[in-house]
Amino acid sequence: MAIPVKVRGSKVIVAVTFNNSLAANLLLDTGASRTMISTRIARDLRLHSTGTGGGYGIGGYVRVSTARIESVKLGEVETRDLSVMIHDFSPDPSYEGLLGFDFLSHFHMSLDLQKAMLVLTPRKG
């Protein structure tokens, strides 16, 4: 499945649909172990926190809330029942979170920056 992306310098931004109802732009981050969404996305989806935790990123240690999302879709590919972190980390309004390895690990991935296309193929088994 070929999915158009926005390339801004070293950043790759993807359009993601949550629970088949809310679309938002996330930064594609193969180095992030978990997907992170903004508090606005969590609020608009009416997500309830399943706990709190912490993690290390480029900016150091941060405390986050966690929640479960029924469906995360990128183009026609989907992952169901994904646990996400909720944290407002980006001052850049062009994206509201990170699409991390917990989603990407379900697929073989290739990125064509010149064509601004991400190709995801579901992994078997």
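Start by selecting E78, which is partly exposed, with a relative accessible area of 32%. Keep in mind as you click around that this is a predicted model. R80 itself counts as exposed because its relative accessible area is 51%, and the cut-off for exposed is over 50%.

Next, pick D81 and R68. Their side chains meet in a salt bridge as well, at 2.8 Å from N to O. D81 lies in strand β8 and R68 in strand β7, so this pair ties together parts that are 13 residues apart in sequence. Colour by accessibility and D81 comes out partly exposed at 46%, while R68 is partly exposed at 43%.

Now for R40 and E96. How far apart are the N and O in the salt bridge where these side chains meet? The value is 2.8 Å. This pair links distant parts of the chain: R40 is in helix α1, whereas E96 is in the loop between β8 and β9 (97-99), 56 residues apart. R40 is partly exposed, with a relative accessible area of 27%, and E96 is partly exposed too, at 23%.

Together with R40 and E96, they are linked in a network of salt bridges. Across the whole model, the count comes to 6 salt bridges.

Time to go inside. Which residues touch the most other members of the largest nonpolar core? Select V14, F18, I37, L74, L99 and F103: those are the ones, out of 29 residues in that core. To see where the core comes from, show the elements that give two or more residues to it: β3 (11-18), β4 (22-28), α1 (39-44), β7 (60-74), β8 (77-86), α2 (101-104) and β11 (117-122). In soluble globular proteins, nonpolar side chains tend to be buried together.

Zoom in on V14 and bring up its contacts. Leaving out residues up to four places away in sequence, V14 touches V5, A24, N25, L26, L28, L74, L99 and L118. Two of the names from the previous selection, L74 and L99, turn up again in this contact list.

For the last stop, clear everything and select I13, V64, M85 and Y95. These are among the members of a second, separate core of 8 residues.

Conventions. Residues numbered from 1 in each chain as written. Predicted model: local features only at pLDDT ≥ 70, side-chain atom pairs only at ≥ 80, totals over all residues. Heavy atoms only, no water. Core = buried A, V, L, I, M, F, W, Y, C linked by side-chain atoms within 4.5 Å. Buried < 20%, exposed > 50% of the residue type's maximum accessible area, 1.4 Å probe, protein only. Helix = DSSP H or I, 4+ residues; strand = E, 2+ residues; numbered from the N terminus. Contact = heavy atoms within 4.5 Å. Salt bridge = Lys/Arg side-chain N within 4 Å of Asp/Glu carboxyl O.
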